[in-house]
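Colleague: I would like to learn how to read a model of this kind, feature by feature. Could we begin with the general idea each time and then turn to the case at hand?

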Amino acid sequence: MILKIISGILGIIGLCWLALLFSSRAILVSERVEEATLHQQLVCTYFNGSGTMRKEYWYSKSDRFGRAACPRWETVREAE
C-alpha cells in the first residue's frame, strides 16, 4: 500500500517535471528583495525543467513603479 502511494507521488512529480522540460514555461522557486545602487530590486528564481533561471525586476511595495511580487509562471525565451 505504501509502495503504491510513493510510486504514485513520484509518477506525478515526474510528469510535472517532463511538462516543464518540454514546455516554454518556468515555475517560481524563490523570490527576494536586494539592494541595488539606486533602488531595490526583486530577484526571482524559476525552475524550467532543465535548470534554474534568474529574473530581476524593479521593486515597489505599492506595485506602481515596479513589482511587489514575482509572477508565479514565466515564459522561457528560445535560444538564439
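Modeller: Let us start with burial: a residue is called buried under 20% relative accessible area, exposed over 50%, and partly exposed in between, with a 1.4 Å probe and protein chains only. By that scale Q41, at 14% relative accessibility, counts as buried. Before we go on, note that this is a predicted model, in which local features need pLDDT of at least 70 and side-chain atom pairs count only at pLDDT 80 or more, while totals for chains, interfaces and linings use all residues. Residues are numbered from 1 along each chain as its sequence is written, and side-chain values use heavy atoms, with hydrogens and water left out.

Colleague: What is the mean pLDDT of the chain, and in which strand is confidence lowest?

Modeller: The quantity pLDDT is the predictor's confidence in each residue, from 0 to 100. Where pLDDT is low, the predicted coordinates should not be read in detail. Here the chain has a mean pLDDT of 88, and 96% of its residues reach 70 or more. Helices (H or I, at least four residues) and strands (E, at least two) are DSSP runs, numbered from the N terminus. Confidence is lowest in strand 4 (residues 73–75), with a mean of 88, and highest in strand 2 (residues 40–47), at 93.

Colleague: How many bridges join strand 1 to strand 4, and how many does strand 1 share with strand 2?

Modeller: Two strands pair if DSSP finds at least two bridges between them. Strand 1 (residues 25–35) runs antiparallel to strand 4, with 3 bridges joining them, and in this pairing A26 stands opposite E74. Strand 1 is also antiparallel to strand 2, over 8 bridges; there I27 faces F47 as its opposite residue, and a hairpin with 4 residues leads from strand 1 to strand 2.

Colleague: Which strand pairs with strand 2 over 7 bridges?

Modeller: That partner is strand 3, which runs antiparallel to strand 2. The residue Q41, which lies in strand 2, stands opposite W58 in strand 3. The hairpin of these two strands has 4 residues between them, and within it G49 takes a positive phi near 100°.

Colleague: Which cysteines does the disulfide join, and are they buried or exposed?

Modeller: A disulfide is a covalent bond between the sulfur atoms of two cysteines. The search criterion is a pair of cysteine sulfur atoms within 2.5 Å, and over the whole structure it finds 1 disulfide. This disulfide joins C44 to C70, with an S to S distance of 1.9 Å. Because C44 lies in strand 2 and C70 in the loop between strand 3 (52–58) and strand 4, the pair ties together parts that are 26 residues apart in sequence. The link of C44 and C70 is left-handed, with -85° about the S-S bond, and both cysteines are buried. C16, by comparison, is partly exposed, with a relative accessible area of 47%.

Colleague: How many salt bridges does the structure hold, and which residues form one network?

Modeller: Side chains of opposite charge can pair when their charged atoms come close. The criterion for a salt bridge is a side-chain nitrogen of Lys or Arg within 4 Å of a carboxyl oxygen of Asp or Glu. The structure holds 4 salt bridges, and one of them pairs the side chains of E34 and R54 at 3.6 Å, N to O. This pair links distant parts of the chain, E34 being in strand 1 and R54 in strand 3, 20 residues apart. E34 is partly exposed at a relative accessible area of 23%, and R54 is partly exposed at 46%. R54 also forms a salt bridge with E56, the closest N and O atoms being 2.8 Å apart, and E56 counts as partly exposed at 44%. Elsewhere K55 forms a salt bridge with E74, whose closest N and O atoms are 3.3 Å apart; that pair links distant parts of the chain, K55 in strand 3 and E74 in strand 4, 19 residues apart. K55 is partly exposed, at 28%, whereas E74 counts as buried, at 13%. As for the network, salt bridges that share partners join R32, E34, R54 and E56.
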